[in-house]
Amino acid sequence: MAGSNGTGYFDDSPLDDVASWDGESSAPVEPGDYEAEIMEVTEAVSSNDNPMLVVTFGILGAADGSETEMTGRNIRGRYVRAGKGRGRLRNFLESIGIGAPWQYGVDDLVGKKLLFTVVGGEYTKMDPQTGEEETRQSANVQKERALPEPVKNSKGKSASVKPPQDTKQPAKTSQARR
């Protein structure tokens, strides 16, 4: 592990396996469906002076369980706690198993896992140093949903993943012939 050995000398090797980064913004997470874990939750105030939660998600892999180039990356979701934006907050909380009476501590959310969709876009921002407008890429967390429930085998152990149920269609039934 990198660190000082008490002499002021630091050993940060190896650095050959990481790309050099100058501190500028990194490319956003690519659009797609992901499984993620909540890494950090902070309280903040939106640009409209509404209280909100800023949630940092760590991407664990693609929603289907496969590896992706985005595995290990972080992305933030913002959930307004007042006004019209509360519907997104409710959806987020339900996706991690929190429901009525809607009471939770921000530390209770860390470590919870869920699925979500990342949607890409563009926005224009004024460069404060040059005064010129520049187009930037964005990535937004949407469609938060619960992880599928594991299917139990005859011994009560998880055997495989049960796909989410579609509650809008009636279940198919088979009738035995006599």
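Tutor: Five strands form an open, antiparallel sheet, in the order S3-S2-S1-S4-S5. Helices (H or I, at least four residues) and strands (E, at least two) are DSSP runs, numbered from the N terminus. Two strands pair if DSSP finds at least two bridges between them. This is a predicted model: local features need pLDDT of at least 70, side-chain atom pairs count only at pLDDT 80 or more, and totals for chains, interfaces and linings use all residues. Residues are numbered from 1 along each chain as its sequence is written, and side-chain values use heavy atoms, without hydrogens and water.

Student: Which strands stand at the edges?

Tutor: S3 (74-80) and S5 (133-145) do; each has a single partner strand, so one side of each lacks a neighbour in the sheet.

Student: How do strands pair?

Tutor: Through backbone hydrogen bonds, either parallel or antiparallel. Here S1 (residues 32-45) and S4 (residues 113-126) pair in the antiparallel sense over six bridges. Asp33 has Thr117 in S4 as its bridge partner.

Student: What does helix H1 touch?

Tutor: H1 (residues 86-95) packs on the sheet, in contact (heavy atoms within 4.5 Å) with S1, S2 (51-62), S3, S4 and S5.

Student: Which residues of H1 are buried?

Tutor: Buried means under 20% relative accessible area, with a 1.4 Å probe and protein chains only. In H1 these are Leu89, Phe92, Leu93 and Ser95. They cover an arc of only 160° around the axis, which puts them on the same side of H1. The arc is taken from the directions from the helix axis to the C-beta atoms.

Student: What follows H1?

Tutor: Gly97, with a positive phi near 90°.

Methods
Axes fitted to C-alpha atoms, helices over the stretch in contact; angles between N-to-C directions. Buried < 20%, exposed > 50% of the residue type's maximum accessible area, 1.4 Å probe, protein only.
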